[in-house]
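User: Could you walk me through how to read pockets, sheets and backbone angles in a protein model? I would like the general idea each time, then the case at hand.

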Amino acid sequence: NFLTGIVLHIEKVIPHNIHKWFLQWYPHPNVDIEYLQYRVVTNTEDKCEIEAYFVADVIDYVKGYLNTVLTNMELSVELKSKYEGEVINVNIKTDRDAVLIGKGGKTLQALNELVRVAIHNRYNKHYKILLDIGEYKEEKYEKLIQMARRYAKEVQTTKTTITLNPMPSDERRIIHGALTNYHNIKTESVGQGKDRRLTIYYVEE
């Protein structure tokens with residue numbers, strides 16, 4: 001990763017051509033442009049500064065950030081990460097998992113949001129981030145899928161609309177995926193911010 005954290009200083013780059021120029025830039029045969037990311041640090045009429053990095057650098061940043069936050073909470077921390085389906089997944093193991101999960105997963109959800117904002121502030125780009133502790137999220141996903149399927153069958157039978165309680169984006173995404181191939185069923189996220197929720201509709205085919 002010879003480009004990690006490097007800032008390129010380019011003279012007189014036309015602003016609307018930055019993206020096209022950067023994707024054509026191939027300075028080294030060992031760099032796969034598909035995995036190369038960048039952010040514009042400064043952009044004026046005279047010059048443009050571009051920071052080049054890889055998704056692996058973002059993951060390292062996330063792990064470092066989490067280590068700092070959790071060790072400051074006097075927790076013993078072990079982190080495992082993977083990048084899958086354009087989502088940065090980090091599994092956290094501590095000596096006090098229940099405390100970090102919180103009631104109804106609220107503390108874990110808040111930590112997830114904190115990390116998401118930190119990534120955006122650092123790289124000026126939105127990345128999907130999913131934190132899990134033990135198998136808490138996986139088990140919750142299974143319960144959500146079972147619940148969604150029950151509601152979908154109810155909607156198919158009654159042709160009514162069911163709106164679920166507010167939930168974070170990753171949980172809504174799981175339900176959207178679970179009901180994609182259900183006949184006469186459409187799912188849609190509605191609302192804003194913390195009140196955003198998922199609605200299950202009946203539709204004629």
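This is a predicted model: local features need pLDDT of at least 70, side-chain atom pairs count only at pLDDT 80 or more; totals for chains, interfaces and linings use all residues.

User: How do I read a pocket, and what volume does the largest pocket have?

Analyst: Rolling a probe the size of a water molecule over the atoms shows where empty space is left. Here a 1 Å grid over the protein atoms alone is used, and a pocket is an open set of points where a 1.4 Å probe fits, with protein on both sides within 12 Å along at least five of seven lines; lining residues have an atom within 4 Å of a point. Points are joined across faces, edges and corners, and the volume is the space filled by probe spheres set on them. The largest pocket holds about 930 Å³. It is lined by 30 residues, and those closest to its centre are Gln109, Met167, Pro168, Ser169 and Asp170.

User: Which element gives the largest share of that lining?

Analyst: Helix 4 does, with seven residues. Helix 4 (106-123), strand 6 (128-133), helix 5 (136-158) and helix 6 (169-178) each supply at least two. By class, the lining has eleven nonpolar, seven polar and twelve charged residues. The classes are: Ala, Val, Leu, Ile, Met, Phe, Trp, Tyr, Cys and Pro nonpolar; Asp, Glu, Lys and Arg charged; the others, Gly among them, polar.

User: Which residues are closest to the centre of the second largest pocket?

Analyst: The second largest pocket has a volume of about 340 Å³. Of its 17 lining residues, Lys82, Glu84, Asn89, Leu130 and Glu138 are closest to the centre. Strand 4 (77-84), strand 5 (87-94), strand 6, helix 5 and helix 6 each give two or more residues to this lining. Its classes are six nonpolar, four polar and seven charged.

User: Now the sheet: in what order do its three strands stand?

Analyst: Two strands pair if DSSP finds at least two bridges between them. Here the order is 7-9-8 in an open, antiparallel sheet. Strands 7 and 8 each have a single partner strand and stand at the edges, so one side of each lacks a neighbour in the sheet. Two bridges join strand 7 (residues 162-163) to strand 9 (residues 197-202): Ile162 partners Ile200, and Thr163 stands opposite Thr199. Six bridges join strand 8 (residues 185-190) to strand 9, with Lys186 opposite Tyr201. Strands 8 and 9 form a hairpin with six residues between them, and Gly191 in the turn has a positive phi of about 95 degrees.

User: Where does Glu86 lie, and what is its phi?

Analyst: Most residues other than glycine have a negative phi. Glu86 has a positive phi of about 65 degrees and lies in the loop between strand 4 and strand 5. Glu86 counts as exposed because its relative accessibility is 60%. Lys159, in the loop between helix 5 and strand 7, also has a positive phi, near 60 degrees.

How values were computed. Residues are numbered from 1 along each chain as its sequence is written. Side-chain values use heavy atoms; hydrogens and water are left out. Helices (H or I, at least four residues) and strands (E, at least two) are DSSP runs, numbered from the N terminus. Buried means under 20% relative accessible area, exposed over 50%, partly exposed in between (1.4 Å probe, protein chains only).
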